[in-house]
Amino acid sequence: MRRHSSSIWEKTLPSFIIAVTLGVACLLLSIVLFSAAICFFMDDLSAVRLLIYVSLMISGTCSSMLLGKYRRHRGLLEGSLCGGLIYAVIAVYSVISSGSMPGILKLLTLLICGAAGGVTGVNSKRPKGLQ
């Protein structure tokens, strides 16, 4: 007889921790890559703000898409929550390093991209390991 083994994605807290950690790692990687591109290929710093928001969009979408793909329900809500948690991590590091909070536009960017990633993840093809 086959037993049902519980997945880590069925538990709420561990799945959010994994998704937010992946989102922060994705954010750091994209910031490093964009910084290298600015350093080596651009003469001015006019595109820095745009690339920061692109990094936030990539981070929120990727982490929420992973969460939605494996949790398979409530993509809009859980994706937005995942984006909000990434913003909370950024806010903690920002307060520690510079003493100020990040702007509200960054929160809105992460919430919107998180919601879009969550909905996309829930509606995408089911992973083979969960069948």
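Lys125 is exposed, with a relative accessible area of 74%. The model is predicted.

**Lys125**

- Lys125 sits in the segment that follows helix H4 (104-122).
- Setting aside neighbours within four places in sequence, Lys125 is in contact with Lys69 and Arg72.
- Ile112 lies 13 residues from Lys125 in sequence. In space the two are 22 Å apart, C-alpha to C-alpha.
- Lys125 counts as exposed because its relative accessible area of 74% is over the 50% cut-off.

**The largest nonpolar core**

- The largest nonpolar core holds 15 residues.
- Val20, Leu56, Leu67, Cys82, Ile86, Tyr87 and Leu110 touch the most other members.
- Helix H1 (12-41), H2, H3 and H4 each give two or more residues to this core.
- H1 gives the most, with five residues.
- Tyr87 has contacts beyond its neighbours within four places in sequence. They are Met101, Pro102, Gly103, Lys106, Leu107 and Leu110.

**The cavity**

- A search of the whole structure finds one cavity of 30 Å³ or more.
- The largest cavity has a volume of about 30 Å³.
- Its lining is made up of Ser64, Leu67, Gly68, Arg71, His73, Arg74, Gly75, Glu78, Gly79, Gly118 and Val122.
- Helix H2 (48-71), helix H3 (75-98) and H4 each give two or more residues to that lining.
- H2 provides the largest share, four residues.
- By class, the lining has two nonpolar, six polar and three charged residues.

**The cysteines**

- The disulfide count comes to zero.
- Cys26 is in no disulfide. Its nearest cysteine sulfur, that of Cys62, is 4.2 Å away.
- Cys62 is likewise in no disulfide, and its nearest cysteine sulfur is that of Cys26.
- The pair is not counted because a disulfide needs sulfur atoms within 2.5 Å, and these are 4.2 Å apart.
- Cys26 counts as buried, at 18% relative accessibility. The reason is that buried means under 20%.
- Cys62 counts as partly exposed, at 37% relative accessibility.

Terms used: Residues numbered from 1 in each chain as written. Predicted model: local features only at pLDDT ≥ 70, side-chain atom pairs only at ≥ 80, totals over all residues. Heavy atoms only, no water. Buried < 20%, exposed > 50% of the residue type's maximum accessible area, 1.4 Å probe, protein only. Contact = heavy atoms within 4.5 Å. 1 Å grid on protein atoms, 1.4 Å probe; cavity = no way out; pocket = protein on both sides within 12 Å on 5 of 7 lines; lining within 4 Å. Points joined across faces, edges and corners; volume = space filled by probe spheres on them. Nonpolar A, V, L, I, M, F, W, Y, C, P; charged D, E, K, R; others polar. Core = buried A, V, L, I, M, F, W, Y, C linked by side-chain atoms within 4.5 Å.
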